[in-house]
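Trainee: Could we take a close look at a single part of this model, and go through it slowly?

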Amino acid sequence: MDRKQCCVKLSVEPSRGLVDEKFTVLVQNVSPGSQLTVHALHRCEDQYTWEAFAQYIANASGTVNVSEDLSLGGTYSGVEPMGLLWSLGPVPGSKPGLRMRKVNVQTPMEIRISVYQGHQTEGFTAQVPLAGVLVERWYMAPGVQRVPITEGGLTATLFLPSGPGPFPGLLDLWGGEGKLVEYRAALLASHGFASLALDYLTTKITLETGKMVDNTYFETAFRVLQQHPLVLGSRIGMMGLSLGASFTLKMAIYSKVVKLRCVVCINGSHVQPVNGSVDEMLEFCTRNAEKTRFNEENQVIWRDLLLPIPTDPALKVDVGRLQCPVMLVVAEDDQNWPANESAQDMKEMMERAGNSHLLTILSYPNAGHLIEPPYTPHFRATVFKTVNQRQKVMALWGGDTVPHSRAQEDAWRKTLAFLRENLYGSTKTAAASVSV
C-alpha cells in the first residue's frame, strides 16, 4: 500500500436516511487506476449477517463514485447506485432460505460500508479496510408515531405521520405467514399516510381461541382507523400483498362498512370463495393442495392452487363492482400466486362491466412474488411457515435479482404517486418529512 492509500476518504451521503432514499458512496484520495472493492455488511436482528460487494478501478483523479462508475464484478456489475443494498445476500456458510425483514422499526438498519484494496471476493472480515462508514437506514422518519392498537380485539399498529394532521389513512395487509409486520406501514407513514399494519392470521384472539377472525375483523380495523382524530375518515385506502390482497379486494367490493378511496394489490388474486372468510380461504387452498408442485431443488410452487382461473362467480370477487381506483402490481415470474393470470382476468371482467377506467396494472417481467420497498434484497426462495399447518417449507417466490430490484423501485414510486393522487387529491408531495 502506498502512502496515499493510508489517507483514503470514504463518504456516504446521506449517512442517515429512509430505506427508500438513495445515497451516494464516494471513495477519494486513492491512487489513480488502483483496484478497489467496496463492501456492505449488515447484521440483522436475528443475528444473521448479510453482505454485498463490488469491484472498481479508481479514475484519473483517484476517485470512485458508486453512483456513476462501473462495477467490474461482485454481487452486482455495471452502474448501480444502490447495488450495495439490493444485492445483499447471506454471507457464505449461512443456512439456506433466509429472509431479511426489519422487526423493530424504531431502530435503524445499520450497514457498514467499507473500501478494501484490490479486487476481493471473500474474507472481508479478516482484512483491514482502507476506510469505513456506518450508515443508518430508517423506516420511520423523525416525528412519526408508533401506536399499538388492541381496540376491538385488533392486533395492529398505527403509524401516524409527522405534523399536525389530519392525514389520509391506509390499511396495510401482508400475506399468508401471519405475524404483525410493521415496516411497510412505518415507511408509508413517513410519506404522509396514517397507516395501520394489521395482523389477521396470527392475532391475539386467534392464538387464544384457536379460531380465525371473520370478515368483521377487517371492518373493525377500518372503523378504528376512520374514527381516529388524526385521520381523514373519508380518505382511506387499503393495500394488500398476496393473501392480503384477497381480503383487500373482498372488503372493497362487498363490505357495507369499508368505504375506500383506492386499493393497491401486490401480487394478489381475486380467486376465493366470495362468501367465505379467512378460514374458508385457507380451506379453499388446502382443498387444492394436490396442485402443489416442487422444483428440482424441492422448493414449493403454490401458484397453481388457484388455477385455472374459475368461471364460477362464487369463486372469484366481482371486480366489475369496484367503485374506486385499483392498482395491481404484478410480477410476471411470481411462482407463489397466479398474479399475472388473475390480473388479466380482472382486467377482462372490468372491461365487460365498464369500470376498467379505474384499473391500473403495473406488470414486471422476471420479477418475483415479494415486491417490497426499494432496495430490499431479492429473495428467490425462503423458509416459510404455513399458518394453517404450521409446517416449514422452502417457498419459491421467483424472479431474478436485477429485474426484481428494478420492479421494486418503479412500483414503489408509482404506488406512492397513486396513493397521493387518490388520498390527498393531487400528486404533490405529502406533508411529511422524508429525511432523517
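Trainee: Is Trp 174 buried or exposed, and at what relative accessibility?

Mentor: Trp 174 counts as buried, at 5% relative accessibility, where buried means under 20% relative accessible area, exposed over 50% and partly exposed in between, with a 1.4 Å probe and protein chains only. This is a predicted model, in which local features need pLDDT of at least 70, side-chain atom pairs count only at pLDDT 80 or more, and totals for chains, interfaces and linings use all residues. Residues are numbered from 1 along each chain as its sequence is written, and side-chain values use heavy atoms, leaving out hydrogens and water.

Two charged residues lie over the face of Trp 174: Arg 184 at 4.1 Å from the ring centre, and Arg 101 at 5.0 Å (a charge sits over a ring if NZ of Lys or CZ of Arg is within 6 Å of the ring centre and within 35 degrees of the ring normal). Trp 174 is also among the residues in contact with Tyr 200, contact meaning heavy atoms within 4.5 Å.

As for rings, the count comes to 13 aromatic pairs, that is, rings of Phe, Tyr and Trp (its six-membered ring) with centres within 6.5 Å, called stacked if the planes are under 30 degrees apart, edge-to-face if over 60, and tilted otherwise.

Methods:
Lists of a residue's contacts leave out its neighbours within four places in sequence.
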